[in-house]
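Have the sequence and the 3D view open as you read.

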Amino acid sequence: MTANPPNPPNPPFPLTGEPLALDLLNTRPADAGDLIAGPEGLAAWLAVQEGRLGPVGKVGPAEVAAVHAVREAADAALAAARRGERPPAGALRALNEATAGAPAHRELAWTAETGLAATPHRTGTPARRLAAELADATAELLTDPRVRDVRECEGADCVLLFLPAHPRRRWCVAAACGNRARVARYYARHKP
């Protein structure tokens with residue numbers, strides 16, 4: 001007799017691949033608490049975001065605190081922007097300070113493989129560089145005309161945000177929240 005294979009674990013981050021600022025905000029799903037509450041969680045999230053952010057190195061409490069500060073400011077600013085309102089001054093100040101804390105400049109280099117390339121570099125500590133990149137990603141989303149299209153998942157008790165590529169998209173992940181909604185509707189229709 002063969003044992004059934006164990007169920008695969010839930011992915012540590014339920015929704016990634018959205019604009020970076022939304023991926024950051026989605027690290028607090030309703031049912032799981034703060035997924036980047038400590039260095040281990042933040043390091044795991046950064047690994048998922050590989051290629052979207054510059055190198056961070058070892059993640060410690062300073063990086064966690066810097067990312068949490070940007071996330072709080074991004075949350076407040078995005079909530080207002082989605083409603084077409086002025087974001088809170090404190091949120092904008094926090095995002096501007098994060099960006100200014102690690103200014104970026106381009107460095108030109110020549111390689112035989114690619115020719116001339118301009119690579120962005122930031123000054124500052126790893127925590128400040130990470131906060132600046134996330135604040136820049138938030139600024140990019142806040143100034144995008146599609147910011148008012150950002151939606152919250154319609155799934156019961158889901159608070160994840162997404163920018164729909166299709167106007168009919170209703171759920172963060174159709175295979176998760178969408179499936180739960182379809183099953184609930186089915187049972188409601190077939191209830192004795």
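What follows covers salt bridges, a helix pair and a surface patch in this predicted model.

**Salt bridges.** The count comes to 9 salt bridges, and three of them are set out here, among them one between Arg28 and Asp75.

| Pair | N to O distance |
|---|---|
| Arg28 and Asp75 | 3.4 Å |
| Asp136 and Arg122 | 2.2 Å |
| Arg146 and Asp144 | 3.4 Å |

Take Arg28 and Asp75, whose side chains meet in a salt bridge. This pair links distant parts of the chain, 47 residues apart: Arg28 sits in the loop between helix H1 (20-25) and helix H2 (39-48), while Asp75 belongs to helix H3. Arg28 is partly exposed at 26% relative accessibility, and Asp75 is partly exposed at 32%.

Next come Asp136 and Arg122, joined by a salt bridge of their own. Because Asp136 lies in helix H5 and Arg122 in strand E2, the pair ties together parts that are 14 residues apart in sequence. Asp136 is partly exposed, with a relative accessible area of 29%, and Arg122 is partly exposed at 21%.

As for Arg146, which bonds with Asp144, its relative accessibility of 43% counts as partly exposed. Shared partners also join Arg28, Glu72 and Asp75 into one network of salt bridges.

**Helix pair.** How do H3 and H5 pack? Helix H3 (residues 61-82) and helix H5 (residues 126-142) meet at an angle of about 10 degrees, with axes 8 Å apart, which makes them roughly parallel. Their crossing is right-handed.

**Surface patch.** Leu108, Trp110 and Leu116 form a nonpolar patch with about 430 Å² of accessible area together. Leu116, in strand E2 (residues 115-122), is exposed, with a relative accessible area of 59%.

Methods: Residues are numbered from 1 along each chain as its sequence is written. This is a predicted model: local features need pLDDT of at least 70, side-chain atom pairs count only at pLDDT 80 or more; totals for chains, interfaces and linings use all residues. Side-chain values use heavy atoms; hydrogens and water are left out. Patches are made of residues with over 30% relative accessible area and no salt bridge: like charges are joined within 9 Å, nonpolar side chains (Val, Leu, Ile, Met, Phe, Trp, Tyr) within 5 Å. Accessible areas come from the Shrake-Rupley method with a 1.4 Å probe; for residues, only the protein chains shown count as cover. A salt bridge is a side-chain nitrogen of Lys or Arg within 4 Å of a carboxyl oxygen of Asp or Glu. Helices (H or I, at least four residues) and strands (E, at least two) are DSSP runs, numbered from the N terminus. Buried means under 20% relative accessible area, exposed over 50%, partly exposed in between (1.4 Å probe, protein chains only). Axes are lines fitted to C-alpha atoms, for helices over the stretch in contact, and angles run from 0 to 180 degrees between N-to-C directions. Angles under 35 degrees count as roughly parallel, over 145 as roughly antiparallel, 65 to 115 as roughly perpendicular and the rest as oblique. A crossing is left-handed if the near helix is turned anticlockwise from the far one by less than a right angle, and right-handed if clockwise.
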